[in-house]
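Subject: Structure for you to look through

Dear colleague,

Here is the structure I promised to hand over, and below it you will find my notes on what turned up. Please keep the model open while you read, so that you can follow each element by eye.

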Amino acid sequence: VVVAQSSSLGHLSALPVLIGDRDAVLYDVQVHASVQAALPELRLRGIPCEPVRHNHMARLEERVSTLSREHARVFYLCDGIYSMHGDVLDVAGLYGLLDRQPSLFAYVDDAHGVSWNGERGAGTVLGQRALHPRMAVIFGLAKSFAAAGGALVLPDRELAERIQTEGRTMIFSGPLQPAQLGAGVASVRLHLSPELPQLQAQVASRIQAFDRAARQHCLPVSSWDFSPIRYISAGEERAAMELASGLIARGYFVNIAYYPAVPRRRAGLRLTLTAHQTLEDIQNLVAAIAQCLGTSRTGVRAIPAWVGAEPG
């Protein structure tokens, strides 16, 4: 394990070290922007970097089979929980593909899966399985871990030492500050305590409560995968802003997602469910969203006249 100043800086150190000049890169089109930030440096070295269809293992295997004929290894960059819509990596499919394709190496950013999910909070991938010999998993120690920094879990000590000693942000960026380390240690102790399963169960109950209410009110939720991230589609950027303004007026502060975080005209609300919210909070929020959207239990939605119109 290598501890980084953040998961984003960890990507910038790890990927240029892990990926060689004779390798190729495939990346999920929705992999986190912090992972994609390393791609320009790889391309400058002449390493082909190609997007692949989101969470589509069959298409991924086709490209791996083709690229492995001309390249020593093929790296696949993906998320454990995709940050915008909260949909989940096909972990079983990826492990099967790793077993079938000996040239494949998986690099998984599980920053949004850690803590709330898996044994001892080990996340979407490592919470249920051992690390595959050709896999690296990156954790974010902010978000639900509630501290700071990142952690890169690697298959062997040699790779870890190379990243630690050769990674650019490891060499030229400052270390985690003492207060951040203290918060991390406190969080680790909680993760190793009997309290963690209780907290995870509370998060799970909030996810289930939101989904029940959202289905009853016919909310346009982008993904129903089991995760604490929910995305409410609004369409036009202005529609998302009007929706958020209506919720703020009712006492609910929510995040808006719009271009360039998402494609144009696919704006919406990005909600995060936590153990600190009550079940009543969640039920009232869903009812407020439905009221602002104009949805009913029959799924009829009132669309303002300006949605779909040209700007201005």
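Predicted model: local features only at pLDDT ≥ 70, side-chain atom pairs only at ≥ 80, totals over all residues.

Which strands does α4 lie across, and at about what angle does α4 run to β2? Helix α4 lies across β2, β3, β4 and β5, and its direction is at about 170 degrees to that of β2. Helix α5 also packs on the sheet, where it touches β4, β5 and β6, and its direction makes about 155 degrees with that of β5.

The seven-stranded sheet

The sheet in question is open and has seven strands in the order β1-β7-β6-β5-β4-β2-β3, with mixed pairing. At its edges stand β1 (2-4) and β3 (49-52), each of which has a single partner strand, so one side of each is left without a neighbour in the sheet. From one strand to the next the twist averages 20 degrees. As background, strands of a sheet pair through backbone hydrogen bonds, and they may do so either parallel or antiparallel.

The nonpolar cores

The largest nonpolar core has 32 residues, and those with the most contacts inside it are Tyr76, Leu89, Leu94, Val108, Val125 and Met135. Among the elements that give two or more residues to this core are β2 (24-28), α4, β4, β5 (104-109) and β6 (135-140), while α5 gives the most, with five residues.

A buried loop residue

His71 is found in the loop between α4 (57-67) and β4 (74-79). Is His71 buried or exposed? With a relative accessible area of 17%, His71 is buried, because the cut-off for that word is under 20%. Not counting residues up to four places away in sequence, His71 touches Arg22, Asp23, Ala24 and Pro48.

Helix α9

Helix α9 covers residues 178-191, which makes 14 residues, and reaches 20 Å from its first C-alpha to its last, close to the 20 Å expected at 1.5 Å a residue. Its buried residues are Gly184, Ser187 and His191. Seen down the axis of α9, these buried residues fall within an arc of 65 degrees, so they line one face of the helix. An α-helix has 3.6 residues a turn, so residues three or four places apart point the same way. What covers the buried residues of α9 includes α10 (195-216), whereas the face turned away from the buried side carries the exposed residues Pro178, Ala179 and Arg189.

The three-stranded sheet

Finally, an open sheet of three strands has the order β8-β10-β9, with antiparallel pairing. Its edge strands are β8 (229-235) and β9 (255-257), each of which pairs on one side only, and the twist averages 30 degrees from one strand to the next. Six bridges join β8 to β10 (residues 267-272), and Gly235 stands opposite Ala267 in β10.

With best wishes

Conventions: Residues numbered from 1 in each chain as written. Heavy atoms only, no water. Helix = DSSP H or I, 4+ residues; strand = E, 2+ residues; numbered from the N terminus. Buried < 20%, exposed > 50% of the residue type's maximum accessible area, 1.4 Å probe, protein only. Contact = heavy atoms within 4.5 Å. Expected span 1.5 Å × (residues − 1). Arc of directions from axis to C-beta. Core = buried A, V, L, I, M, F, W, Y, C linked by side-chain atoms within 4.5 Å. Pairing = 2+ DSSP bridges. Axes fitted to C-alpha atoms, helices over the stretch in contact; angles between N-to-C directions.
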